[in-house]
Amino acid sequence: MTQLHDLAEAQRLALAIVDTLPEPFLVLDDTLHLLAGSRCFYEVFGEDPAKAHGRSLFDLSGGQWDIPGLRQLLMAVAAQHTRLEGFEFESDFARFCGTSEAIGVNSGTSALHLALLAAGVGPGDEVITVPYTFVATVAAIEYAGARPVFVDVEPGYWTMDPAQLERAITPRTKAIVPVHLYGQPADMDPILDVARRHGLAVIEDACQAHGSEYKGRRCGSMGDLGCFSFYPGKNLGAYGEGGAVVTNDGAKARKIRLLRAWGEEIRYEHTYRAFNYRMDGVQGAVLGVKLKYLEGWTEARRGRATEYARQLADTAARLPVERPAVRHVYHVYVVELDDRDAWRARLTDAGVQTGVHYPIPVHLQPAYRDLGYQAGAFPVSEGAARRVLSLPMFPELTSEQIAEVAAVLRAPTPAASPA
Ligand SMILES: Cc1ncc(COP(=O)(O)O)c(C=O)c1O
């Protein structure tokens, strides 16, 4: 690259070049200084390139980006994917889920909160969900001002037991929030049937279920609204926090778009009391690129689950059971083990990292004691919390690594082995 001493001149030149390119690019000089970004780059950062030079109120094109840590981050994104194309992420993700709308927000928790508000949930209402979930499902119900009411999960599948729904419904019940836990869909047909008969909204917590399917329908698309998390560890993870609500209801989508960004229909005129829950542009860019790989990663996860089933068949572990006619996406691979903690210690000793999702159901969490539930109220959830163990699961997991896990779990049970 020619020596360019004047940054403004360099930016003008670079922009002139990138505007001639069919695809969006960042332009970096030979010391990796950010000189300019293409139209796409500025869309991601919310600034029109035409405005970004000289005449703009906030010039986002200059030295603010010339910071070593930031430069490295942008370089990492650019190096992996060469172009930033995440501004199309919302429409791409809606298509992926089989819905007409997707609204990007800053976390799965925010997605749940806004979905509940868009469904009309508010103070005085009750919302039925499960205690065997990540705490955010329950927290979001309270953020909306409603009271969480629990029903137990089904043994083996660990998702909402539809047979228990009817007796949890009261005149105050407004919505049902099934959770597609671990990437396994909840039994949606009977849940939707109960909801329809009682005039209740259904909001799917699909935060662990990107691309998961129930009888050919994608998780998130079956209820009134579906909520996703793009926390980095999720099957589709951002470069930081992120989330989305998907729906086929245009009016609810519009409301959520307003609620995520201060309820402004006209700039600085606030129709609703709202939130700053916007999706960060960089996250949208990263997610837009990663989404293209998700189907491949999901199939790899499913393949790893098949390999686990083969190799763990003669071990103490009880394997996860796929519900008939579903596509489980194995966000986590969870087995059941009596004496779980002893097995876990053995795996740790062998250098195998494991997790417990989740050791305490929400109704027994110290923070939620005032909901008034006692131990024994939800025996299936409580039993699962004692026995579940999450084994390593990621698309690149090798058969040899699975064999290492199987070898530990094939040993005599901890209780039976000599001390
Ligand atoms: C089932 C479930 N619901 C909600 C959430 C909340 O998502 P986030 O962490 O993006 O707020 C998570 C995230 O772990 C989750 O697993």
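In this predicted model, the largest nonpolar core holds 80 residues. A nonpolar core is a set of buried Ala, Val, Leu, Ile, Met, Phe, Trp, Tyr and Cys residues joined through side-chain atoms within 4.5 Å; buried means under 20% relative accessible area with a 1.4 Å probe, protein chains only. F93, Y132, F230, Y308, Y333, L391 and L409 have the most contacts inside this core. Domain 2 (86-291) and domain 3 (294-416) both contribute residues, so the core lies between them. The domain bounds come from an automatic or database assignment. Another core, of 28 residues, lies apart from it; L114, I141, A201 and Y277 are among its members.

Y132 touches, among others, W158, H357, Y358 and V388, not counting residues up to four places away in sequence. Contact means heavy atoms within 4.5 Å.

The second largest pocket contains about 670 Å³ of space. A pocket is an open set of points on a 1 Å grid over the protein atoms alone, where a 1.4 Å probe fits, with protein on both sides within 12 Å along at least five of seven lines; lining residues have an atom within 4 Å of a point. Its lining has 30 residues, of which Y231, K234, H331, H357 and Y358 are closest to the centre. Helix 5 (108-118) gives the largest share of the lining, 3 residues. Domain 2 (86-291) and domain 3 (294-416) both supply lining residues, so this pocket lies between them.

Residues are numbered from 1 along each chain. Local features need pLDDT of at least 70, side-chain atom pairs count only at 80 or more, totals for chains, interfaces and linings use all residues, and side-chain values use heavy atoms, without hydrogens or water.

Notes:
Grid points are joined across faces, edges and corners, and a volume is the space filled by probe spheres set on the points. Helices (H or I, at least four residues) and strands (E, at least two) are DSSP runs, numbered from the N terminus. Buried means under 20% relative accessible area, exposed over 50%, partly exposed in between (1.4 Å probe, protein chains only).
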